[in-house]
Amino acid sequence: MPHITVKPFNTSLVENKRYGDTEVLFKAKDSFSKDELLGVQHKDKSFLLHIKKNKDSWLLKYDKVTRPLKVDLVKQAITDLADGLKLDILGSNIAIRSTREVKSSEFEKRVEDFEDVKFPFNSVAIEVGFGSGKHLLYQAKKHSDRLFIGIEIHTPSAMQVLKQIELKGLKNIWVVNYDARLLLEMIPSNSCHQIFVHFPVPWDKKPHRRVISSSFLEESMRVLKKGGRLELRTDSHKYFWYSLETFLGDSVAKTSVEIRKNEALDVISKYEARWLKQKKDIYDVYVTSLEESKERLINFDFSFKDIVYKKEILDKISYKPQIFDGFFIHFERLYYILDDAILIKLAFGSFDRPEHKYIYIDRKEAYYFHTNPVKTVTNYKTHLKIMEYLNA
Ligand SMILES: C[S@@+](CC[C@H](N)C(=O)[O-])C[C@H]1O[C@@H](n2cnc3c(N)ncnc32)[C@H](O)[C@@H]1O
């Protein structure tokens, strides 16, 4: 990920103004360390840059929660600031002078694009955690009349596949760089034919991070048309049994479940090739949706209404995770923006599908920087609770 190492500099010289194509929106000082965050806007994307202050050299780098999918935007913002502030660069992994103009891709979709979404194809399939994208790209080429929505949490993989889409001239893939467990809740009911989950990480030691869970099954069955299929493919014997137990559990009343062992597919992903070399067994479990589902209403309002910055907010925030009925809030870090604004970093929502966000609060307004949470019932309940905390 792009970063530069620079000699320490006087950050009070960083003004809220434009440096090249990058506008500095605010500077936020970490209350737990000497580090600072810069809220920046580059083209139509806003995100944070992190100034990590080591003793003799500082790192100017991306922020994991807000980084845009196009890593070149971060490179350009860092380059603009380094140039504009005449920073003394000690090291860099950015080809600073050769960064090209970043074109936005029509195939990259954000969570917000799924509000009132209308799909441009009659038939829609989803692939969760597509990794290198081999299967996704193969399917999209084979079925050019079907939209493939690829959801991948790992940003570099999502970027790579976007490049491949452009190179191969495909027109029927949307890439979403987000947690699929959350994004699925934004997809309209009865809208998809297939959901592929190929070789999910088994997470044997951290089962709450698994993609397959009873709520994921419930959401998949809601999103699938009657007759549509959720297709799990795994090399992990343990994950196979865990998934089968989940699929046959109580969360969905009526489905049909089919199991196959060592079924050959037309396309072999990098992961599958590795397991085949080791002569491991591969299991497929297909779950077919047998019922029409109710429409999902997602008209939740994630604005902060009358909440503005008051010193009393600082006394109300506790940095220990708070657990409520079905959700949690963990205020992780606080940043000061001059004397009358703050930025709060937090994790919240459901235990197996948490959101990670920042909230910006000044004397006039408060909002999630840079995007709202996914519109799920749990996130909305949590948002109301967060408002109680901030309503000092
Ligand atoms: C073991 S790899 C398999 C990749 C690909 N399906 C294949 O067969 O080669 C699992 C992939 O799932 C992605 N992933 C894990 N959890 C995810 C989540 N909650 N939402 C979306 N992608 C996820 C990982 O980033 C990784 O790329």
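How many residues of domain 2 are in contact with how many residues of domain 3? The legends below take up this question and then turn to other parts of the chain.

Figure 1. The structure is a predicted model, in which local features need pLDDT of at least 70 and side-chain atom pairs count only at pLDDT 80 or more, while totals for chains, interfaces and linings use all residues. Residues are numbered from 1 along each chain as its sequence is written. The chain is divided into domain 1 (3-98), domain 2 (111-289) and domain 3 (312-390), with bounds that come from an automatic or database domain assignment. In answer to the opening question, 10 residues of domain 2 are in contact with 7 residues of domain 3, two residues being in contact if their C-beta atoms, placed from the backbone, lie within 7 Å. The side of domain 2 that touches domain 3 is made up of 4 nonpolar, 2 polar and 4 charged residues, where Ala, Val, Leu, Ile, Met, Phe, Trp, Tyr, Cys and Pro count as nonpolar, Asp, Glu, Lys and Arg as charged, and the others, Gly among them, as polar. The C-alpha centres of domain 2 and domain 3 lie 30 Å apart.

**Figure 2. The shell around the ligand.** The ligand is surrounded by 22 residues, of which G129, G131, H154, A180 and S269 are the closest; a residue is counted as near a molecule if its C-beta atom, placed from the backbone, lies within 6 Å of it. Helices (H or I, at least four residues) and strands (E, at least two) are DSSP runs, numbered from the N terminus. By class, the shell comprises 10 nonpolar, 7 polar and 5 charged residues.

**Figure 3. The nonpolar cores.** The largest nonpolar core has 50 residues, and those with the most contacts inside it are V128, I149, I151, L183, C192 and I195. Such a core is a set of buried Ala, Val, Leu, Ile, Met, Phe, Trp, Tyr and Cys residues joined through C-beta atoms within 7 Å; a residue is buried if 20 or more other C-beta atoms lie within 10 Å of its own, exposed if 12 or fewer, and partly exposed in between, with C-beta atoms placed from the backbone. Leaving aside its neighbours within four places in sequence, L183 is in contact with V111, I151, V176, Y178 and V374.

Figure 4. In helix α6 (residues 237-247), the buried residues are Y239, F240, S243, T246 and F247. Seen down the axis of α6, these buried residues fall within an arc of 130°, so they line one face of the helix, the arc being that of the directions from the helix axis to the C-beta atoms. H237, K238, W241 and E245, on the other side of α6, are exposed. The buried residues of α6 pack against α5 (214-223), β12 (224-234), β13 (255-261) and β14 (283-289). Helix α5 is largely enclosed by the rest of the structure, because 7 of its 10 residues are buried, namely F216, L217, E219, S220, M221, R222 and V223. These buried residues of α5 pack against α4, β11 (192-198), β12, α6, β13 and β14.

Figure 5. L334, in strand β16 (residues 328-337), is partly exposed, with 19 other C-beta atoms within 10 Å. Not counting residues up to four places away in sequence, L334 touches S31, I317, I342 and I344. In the loop between β16 and β17 (341-350) lies L338, which is exposed, with 12 other C-beta atoms within 10 Å, and which has a positive phi of about 50° although it is not a glycine.

Figure 6. Most residues other than glycine have a negative phi, and most peptide bonds are trans. K279, in the loop between α7 and β14, has a positive phi of about 60° although it is not a glycine, and K279 is exposed, with 6 other C-beta atoms within 10 Å. The peptide bond from F369 to H370 is cis, with omega near 10°, and H370 is found in the loop between β19 (366-369) and α9 (377-390).
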